[in-house]
Structures are given as C-alpha cells and as structure tokens.
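Let's take a walk through this model together.

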Amino acid sequence: MGIYEHAKEFAGKRVVEWEPGMVMQSPEETAYRITLPYEEADAGKTWEEKFRAFLSQPSAARVYGIVVGLWGDSSPLGESGGVVRELVGARDRLSNLRALFIGDITGEEFEISWIEHTDMAPIFTAYPALEHFRVRGGTGLRLGRIEHHRLKTLVVESGGLDVSVVRDICASDLPELEHLELWLGDENYGASAEIVDLAPLLGGKIFPKLSYLGLCDSELADAIAVTVSHSPVLERLRVLDLSLGTLSDDGAAALLTSPGVARLELLDIHHHFCSDEMVRKLEGLGIRVDASDQQEEDDYDGETHRYVAVGE
C-alpha cells in the first residue's frame, strides 16, 4: 500500500488511540481507535477483550466515532467477523455512534489485499443513526443492499473490489448519501466491475444528495472518465475524484470537453499518467484541479504498462 498513515481525523473528528485506563475527554467530539498491536496479540490478548473494556467506560455511550485497527496477529489476521459481531452486540451501549471505520491498517502492518472481511450488512441494521462508514480491504467483503436513511458517507478502500459489492451499492437505498468513494483496484487483486456495472450510479437516478463521487484506484480510469464526462450524475456533483488510477490523456481529453466537469468545484486526478500539456489544459478549466503525483508508464517487453496506486 505505502500511501497510508493511521487516521488522525475521521468524519471531521480527531482520532485518539484508546488504551485501557484512558479517561475519555469530549467523547462526543472524538473518534477512538481500538487496535490490537502484534505484541498484545502475541501475549494472548484479543481485540474483543479490548473492545469490551472500552465499552465498560461510562463515557462510551457518548462516543461519536470508532476506528478499528488490527484485530488479530499477523499469521493470519483473520476475517473481521468477530469485530462485526462485537460492534453489533454493542449497539445499545453506543447510542451516540455516528462514524465507523473498520480496517485502519497500514501497509507496514498488513497489505490491503490481505485484509479479510465478512458481511457488513448487520452494522447498518444495528446503527440506524450511523452517518459515516469507511472500510479498508475488499477480500471477502459484503455490504448487502443497504437501506439506511441517515448514512451520508460511504467509502470502500480496496486493491481489488468484487463486482458484487459495486452492484449491491448501486441497488442500495441511501437517500442522504452525499459522499461515495469506491476504490475499484486491480484485476490481479480481485477487481471485477466493468463500466456497465456503474451505469445506475452514473445515470444519476440514485442517491439524490450525492455531491462527491470517487471512482478511484481503477485500471478503468480512462473508460470511466469518458463515460462520466457525459453522464447525468455530473449535474449534481461538486467533486469528481478519479485519483489513484491509470488516467491518461485519452480519458482526460473527455473530461476537458465536458460542460459538467467545468462546473465542478474540484477535479481530483492525483496519481495519473497525463502529459504536462494535458495537465495545463485541465488546470485552465477555471476549477480546482489536483493533478499531483504524475506517473510515467513502464516499458518492458515492447509494451507500456500503467499501474494503480493500490493493488497488493
């Protein structure tokens, strides 16, 4: 992965590493990170035990956000089923929970493709007041067709996202969703969605309050750019995020001629393969453009290759 640091802020709140004995100060303004370092796992401790100790604090009922780091030792980490069960079981004691991030794990700890998940659907049922949900890792991940009337932010970070997750999200009922960010990833690490699978999203008929759309870390970046450049969803967006992928001049040319793109507040394409000339043209649109982290194609065996930022 290499591009991550542990979250210092989540859903607009500062992230604090929680340890047993800590006095919670301003829990309504804080997201607490609960993680099980390797040393603790090697000593026989479990994430579930640590989480239950967290819940035993009188202030737990007022906590705004929870960030889940490592939940097991490194050989292997194991899927996140235990974490999901604990969170669902704690719903009555986390009555103020509004933000949840599962998988705040860096590349130094665990590669993103090694993070194994489970069905997250029970989370959305257990927390009808949840407003922000983020998950890192796509292996084994399922979200189901979500029906949730408070969720504003949904972010799925993956080095290779299975098409079933994309289809379920596109079939979900999320009337308050404002920020959707999907890291589609590399086919070699499980990415299987095609442009047709994004059609309900790009058609603009779902998620009526959507203002931030991220289709990131994708080998399909050029095709996505061409399709989105004339898609109805642009009419309501403030931010289009095509970062971390393989965008080249081919896709950028379509963005350049799109009236909808010219009305954005921000076009984010950082980590891209566009030429200097194309970057200058995009920056001349009169909107904010993040075209940092320019990449160069690899050339071997007589072929050129472009790579997404996050795969393994």
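**Starting from a loop glycine**

Find G190 in the loop that links β8 (179–185) to α6 (199–202); helices here are DSSP runs of H or I with at least four residues, strands are runs of E with at least two, and both are numbered from the N terminus. This is a predicted model, where local features need pLDDT of at least 70 and side-chain atom pairs count only at pLDDT 80 or more, while totals for chains, interfaces and linings use all residues. Residues are numbered from 1 along each chain as its sequence is written, and side-chain values use heavy atoms, with hydrogens and water left out.

Leaving aside residues up to four places away in sequence, G190 touches G160, L161 and D162, where contact means heavy atoms within 4.5 Å.

Now zoom out. The protein chain has ten helices and 14 strands. Of its 312 residues, 56% count as buried. Among contacts with a separation of 6 or more, 69% join residues 24 or more positions apart. As for overall dimensions, the C-alpha atoms fill a box of roughly 55 × 45 × 30 Å along the principal axes.

Terms used. Buried means under 20% relative accessible area, exposed over 50%, partly exposed in between (1.4 Å probe, protein chains only).
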